[in-house]
Amino acid sequence: MIISRGWLRAAIALTALSSAVAPATAPASAATATARSQSALRLALPEPPPAEVARGELGELNVEAPHTMSGYSRAKFPHWAKQYGECDTREVVLQRDGQNVAQDDKCRAVQGTWYGEYDGKTLTAAGQVDVDHMVPLAAGWRAGADQWDTAKRKAFANDLEHSQLIAVSAASNRSKGDQTPDLWKPPLRSYWCTYSRAWTDVKHVYGLNVTQAEKTALGEMLDTCTDH
C-alpha cells in the first residue's frame with residue numbers, strides 16, 4: 001500500500017498537536033509526565049515506496065565513487081532542529097516510534113517502550129534508543145551532500161516526511177555507524193526489504209549518488225521483498 005506524502009505530513013502534524021507538552025508549570029518528572037496514547041496515530045518510519053517503485057528509483061541513481069571526507073563535520077548538518085514548542089526532531093521521533101511514551105515539560109521522553117527494527121530488541125528507556133539517520137550524515141556527504149548548502153543539509157538531517165529517521169537500539173546504530181548497505185545490513189534479515197526501500201528512496205529524493213557495490217547490495221536486499 002502506498003501512503004501519500006501529503007497524508008504523512010497531515011498525520012505528523014496531528015500527532016504533534018495530540019502530543020502537546022504539559023504546561024511549563026508542571027514538574028519535570030516521570031511521575032507527572034503525561035502519557036501519550038499512540039495506538040491510533042503511531043506512524044513509526046514513514047512508509048517508503050513499494051519494492052517495484054524503489055527498483056525504479058535505484059535504477060535512476062547516479063553511480064559514482066565516494067567523495068572524500070575532506071571538510072566533513074556533523075555540525076554542517078544542523079540537528080536536532082526544533083519542530084514545535086520545546087520538541088526537537090529527536091524527541092518527535094522518540095514519541096512517534098514508541099509506545100506509551102511520556103514526555104516532561106521540556107519534551108524529553110521519560111517513559112515508554114521502543115522496538116528496535118534493526119535487531120529486534122525491546123527498549124524500555126530513552127537512553128537505550130538512538131534516532132538513526134537511515135542514510136548517515138557522513139554517507140550523505142560522500143554521496144554528494146558535500147556540495148549542498150547548509151539549509152539543504154539541515155533538511156536532510158531533520159527529515160520527518162521521508163524514510164530518513166527511525167528510533168533504533170543504540171547498539172545497532174553504533175554498529176552501523178556511517179556504513180552503506182554493502183558494508184552493513186540490519187541483523188534482522190526480515191527488515192532488509194524495508195531498509196533497502198527506505199535507503200533507496202532517501203537517496204532518490206535528495207539526488208545522492210551510490211557506489212556500484214552499494215547499488216548491487218540494495219538490489220539484493222530488494223530481492224528479499226518477495227519473501228513477504
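**Rings, cores and a covered strand**

The protein chain has eight helices and eight strands. Both are DSSP runs numbered from the N terminus, helices being H or I with at least four residues and strands E with at least two. This is a predicted model, in which local features need pLDDT of at least 70, side-chain atom pairs count only at pLDDT 80 or more, and totals for chains, interfaces and linings use all residues. Residues are numbered from 1 along each chain as its sequence is written, and side-chain values use heavy atoms, with hydrogens and water left out.

Reader: What makes Y118 and W184 an edge-to-face pair?
Author: Start with the rule. Rings of Phe, Tyr and Trp (its six-membered ring) pair if their centres lie within 6.5 Å; planes under 30 degrees apart are stacked, over 60 edge-to-face, the rest tilted. The centres of Y118 and W184 are 5.5 Å apart and the planes stand at 65 degrees, so this pair is edge-to-face. Y118 lies in the loop between β5 (109-115) and β6 (122-123), and W184 in the loop between α6 (170-176) and α7 (192-206), so the pair ties together parts 66 residues apart in sequence. The structure holds 12 aromatic pairs.

Reader: Why is Y118 called buried?
Author: Buried means under 20% relative accessible area, exposed over 50%, and partly exposed in between (1.4 Å probe, protein chains only). Y118 has 0%, so Y118 is buried. W184 has 8%, so W184 counts as buried too.

Reader: Why are W148 and Y206 called tilted?
Author: Their ring centres are 5.7 Å apart and their planes are at 35 degrees, so the pair is tilted. W148 lies in the loop between α4 (137-142) and α5 (150-157), and Y206 in helix α7, so the pair ties together parts 58 residues apart in sequence. Both W148 and Y206 are buried. Ring pairs also link them with Y72, F77, W141 and F156 into a cluster.

Reader: How do you know that R153 lies over the face of F77?
Author: A charge sits over a ring if NZ of Lys or CZ of Arg is within 6 Å of the ring centre and within 35 degrees of the ring normal. R153 is 5.9 Å from the ring centre of F77 and lies over its face. The charged end of K185 sits over the ring of W192, at 5.9 Å from its centre.

Reader: What makes a nonpolar core?
Author: It is a set of buried Ala, Val, Leu, Ile, Met, Phe, Trp, Tyr and Cys residues joined through side-chain atoms within 4.5 Å. The largest one has 34 residues, and Y118, M134, F156, Y195 and L208 touch the most other members. Helix α7 gives the most to this core, with seven residues. A second, separate core of 15 residues includes V93, V101, V129 and L160. In soluble globular proteins, nonpolar side chains tend to be buried together.

Reader: Which residues is Y195 in contact with, beyond its neighbours within four places in sequence?
Author: Contact means heavy atoms within 4.5 Å. Y195 is in contact with Y118, M134, K176, P181, W184, P186 and M221.

Reader: What makes strand β7 mostly covered?
Author: Five of the five residues in β7 (residues 129-133) are buried. V129, V131 and H133 point one way, and D130 and D132 the other.

Reader: In which sense do β7 and β8 pair?
Author: Two strands pair if DSSP finds at least two bridges between them. β7 and β8 have five bridges, in the antiparallel sense. V129 stands opposite S169 in β8.
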